[in-house]
Amino acid sequence: MNMELSTIIQMVLVVFLIASAIGVSVTRNLFLAVIVFMGYSSIMAIIWVFLESPDLAITEAAVGAGVDSVLFFLTLKKVHALKGTREG
Amino acid sequence: MNEKKTFWQHLQAWVNGEEAILHADEYIKKREQPHQKRWIKKPNMQRIKENKGLYWFLCVLVSLVFITIMLLVVSHLPTFGQPINPTNNEVMERYLEKGIEETGAINFVAGMILDYRAFDTFGESNVLFLAVISVLILLKRDKKNINAREDRETEEDERFDRSDHKSILKIGAKYLSPVVILYGIYVVLNGHLSPGGGFSGGSIIGAGLILYAAANGHEAMRRFFTFKTFTLISVGCLLTYCGCKSYSFFTGANHVGYEIPKGIPGNILSSGFILPLNICVGLIVACTMYGFYALFTKGDM
Amino acid sequence: MSHLLINYYEAASVILFGIGFMNLLLQNNLIKKFIGLNIMDTAVYLFLAAKGYIFGRVAPILTNGVIDADYYINPVPAGLVLTGIVVSVSVTAFSLALVQRLYKHYGTLNMDEIMKLSREREGE
Amino acid sequence: MEHVNLVHNIPFFSIFIAMFSGIITPLVKNGKIAHKIHMIMVLIVMIMSAILLMNVVKNGESFTFMMGHFPAPWGNELRAGPLEALMALTFSVVMFLTVTGGIEFIYHDVVPEKQSFYFIMMNAIFGGMLSLIYTNDIFTAYVFIEIITIASCALIMAKGTAQAMVGTTHYLVISLLGSGLVLLGICILYSITGHLLFPQIKESVMQLFQSGEYSFPLLVVTGFMFIGIAIKSALFPFHSMLPGAYQSAVPTSSGILSGLVLKSYIILGIKLIYSVFSVDVMLNLKILDILFVFGLAGMVMGSVYAMRETRMKRMLAYSSVAQIGYIYMGIGMASRIGMVAACFHILAHAVTKSMLFLCCGSMVETCGNKEQIYYLRGAGLRNPLAGIGFTVGALSMVGVPLFVGFISKLYFATASIYAPGKMAAVLIVLGISMILNALYFLPSVIAIWTPVKKEGEEAKKAVISPAFGVCIVLFILINIGMGIFYRPFISIIEMGISLLQ
């Protein structure tokens, strides 16, 4: 089976996507989970560029990797799950 | 069995009119007992959850069955990326071929979500509005939502904001946030011409506002953005949105009224209602995003 | 089986949906529950976006003045996904606010402990 | 310029007025003004729905309304017929009576500065339910399902207690699971049919079904969408979210959520059965049989759970589970008359359960906010109106003649004759369920009418507001009225269902 380079790249990205989803599930550290979830959203944005949907890519980058993560981090801070901010 | 028997006796008793007052206390107590026994007798969710291994096994099993079924479905679905798939039908053709003529937007996606299928998008901006109001109900300080420890922490945070401890962030934000906001405005205004649009641009503006607020503290923010501004902007924009869409739905369905001029496709001032709608959505989203941030950090705006 | 390899986006999104589903059911930690929910939602959006793609065509934005349905990909899924993303960010914000409020009342993020505490308090 | 048919604009006006009043409510800070806005809005919608109902029944028609400048496969559409109009009318009547009657609970339980936000949620949930009733587009249905989800969670947690938060979390997680499945179903359906509007999807589904193409995806899609809707409407194995949520919420919210919100999902399901998948396909895929079995299980299990419960609101929640089971059983019988019975039971349950929650809330308040039935003894004597309302509701749910609950059970029994192979099961389970209903409702009715003497504490009479009194009286009148003059409702539902096909 001969595949184009872009197909291979996309497949690798998809594998990364699944790996980071599993990573989020197994890690016990909430901070790490949110960081990996940010990575997941960024990979998703790249995949949407490959799928010729730039609208979605911009939105996902702004929302998934930006605002969503800010909200998650603020929540972590409020529930004292971040190291170095305040003792729980 | 014992429980059933007593129940039957009581039933008989109150049919005969002997009971209800006298033994009600005992009766209630007897009814409470099976309430506790229930955890053992029935395969209750709580019981299973306490038995960790079984619960894990069940969930993994359910998910694996689910994934298997879905993989089977996927193997039956149309092949990826073929032009003959059922999704690529006359609906898509009209959007692409007549889209520019009928909506005036060069970005077909913007034309589709803000003109052809605008009712969905109206619902979507309402979802956002409802979410921010719900967060407001949840997190705004009131007499049921007060916690001494949290007040202390907020005070510490404010003191930290006023001090000079985060100079890198402050300098970074000073130069970066105007650029971010400017880019957001660009994305909003070009929603009908290039990728992006109200929602993504609004989130970018919101991110810029969040950056500024994080660096300079809420006091600096409150000089130009208070709860009142937030309400006025959100409500004003949603009302404009609602008004525009009602007008176009009403006129469209009844074949009356004036056509909104579409302008020359490609210009900034073109494509009828799409530009004002994008601006409205952008403002709503920016306010909402900042509103989430303010409520999450301080419990107020 | 080879069909799955060709439809690899759909297959991946289905697996992601399963992972998200599992997280939503299994995780006791509320934050990870809601991350799982987000993964579930994005998986559906990936599925939908993959449905719109057609080999050799370009993004649905007028390029080179070509007005021809055979030149662009399908814009419908993109529009639906945009709507969906907004919905999922709203739900995320709402659920995280709920998490904060629960933590304020119970001092923990573990759903089982919260249920236990709530039952105990109710019994009082 | 063509002639503008204003009656055809009513669905669109109703939805937009509801949404509009939700949007402007944050501008008022006062809960009382927000309530007035809400009340006026619901009244307008009620009047408009009545006009719409009269018109469509007179003409015997159903019509589609184009949302925007573009016709069916390209733009959104609304669809209205006798069934939709009747549902909208009932929903607005129940909404109006519940909120007006339960206004004191809202003022009492929700902190004053957040009362106007509470009414935003009420307006939004009303708009969302109207959209689910009228919509003719599957993705619009999803968006409004999400609106209803967020708004109903907000209504539950508006009380602000810790318990309410736990109830909301449970409710939120399970409803999101449901909407996730519905969304996945919509995506697969789109990928095999290429359409989003009901009539077009139906056409493609019929073609696919006849040609045998994509038969496995079609089966799974139908399954997912109905599992999703079943989760959202709390069919038996998925009911665990209800008791905690209803127990901890403001009684008004519980009444709305149990009486109306669950029903709006079922109405969407009925619309999907008739206008998307069609009964033949559903029967062939055996989905209706599965719904039937779960409906039967729900009827028995809901009542069994309710019998074990000592707290009244939780008992009512489990009773809702049982009644949802009745509705699904009617749908699962797959005959026209079964569906009529199910639709009538939707109306009956909406009218009855909202009243039960209001009366229960009022009695709980009289007895010092203790929910156990044990503490509610004598509540009916101290708060007679609420006691009478509760008794009427309980009798109606048990299925005593003269009340509305009897009619739907009668029709379920009649429908079983037309469902070959299901008749015995229906009749047996219906009998068991009615006995169980009586077993858990009658003790609580007797308990509230039992005089109780306590030393040192005099039984003070409850102060009830005139609004509550008027609303309960109206509820009772509607209940008895629908129980006696049920014919017109049945014929409207029959007409609506035949037009839906």
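Biologist: Which pair of chains has the most contacts among the five pairs that touch?

Modeller: Chains B and D. Two residues are in contact if their C-beta atoms, placed from the backbone, lie within 7 Å. This is a predicted model: local features need pLDDT of at least 70, side-chain atom pairs count only at pLDDT 80 or more, and totals for chains, interfaces and linings use all residues. Residues are numbered from 1 along each chain as its sequence is written, while chains are lettered from A and ligands numbered from 1 in the order in which they are written.

Biologist: How many residues of chain B and chain D are in contact?

Modeller: Chain B brings 57 residues and chain D brings 61. Helices (H or I, at least four residues) are DSSP runs, numbered from the N terminus. On the side of chain B that touches chain D, helices 2, 4, 5, 8 and 12 each supply at least two residues. Helix 8 of chain B gives the most, with 14 residues.

Biologist: How does that side of chain B divide by residue class?

Modeller: Ala, Val, Leu, Ile, Met, Phe, Trp, Tyr, Cys and Pro count as nonpolar; Asp, Glu, Lys and Arg as charged; the others, Gly among them, as polar. The side of chain B that touches chain D has 32 nonpolar, 14 polar and eleven charged residues.

Biologist: Which chains do not touch?

Modeller: Chain A and chain D are one such pair. Their nearest C-alpha atoms are 16 Å apart. Chain A does meet chain C, with 30 residues from chain A and 34 from chain C. Helix 3 of chain A gives the largest share of chain A's side, twelve residues.

Biologist: What are the domains of chain D?

Modeller: Domain bounds come from an automatic or database domain assignment. Chain D has domain 1 (1-285) and domain 2 (287-501). Their C-alpha centres lie 22 Å apart. In the contact, 50 residues of domain 1 of chain D meet 50 of domain 2 of chain D. Helix 11 of chain D supplies the largest share of the domain 1 side, 15 residues. That side has 29 nonpolar, 18 polar and three charged residues.

Biologist: What span should helix 2 of chain D have?

Modeller: The expected span is 1.5 Å times one less than the number of residues. Helix 2 of chain D (residues 31-59) has 29 residues, so it should span 42 Å. Its end C-alpha atoms are 42 Å apart, which agrees. D:Gly60 follows helix 2 of chain D, with a positive phi near 60°.
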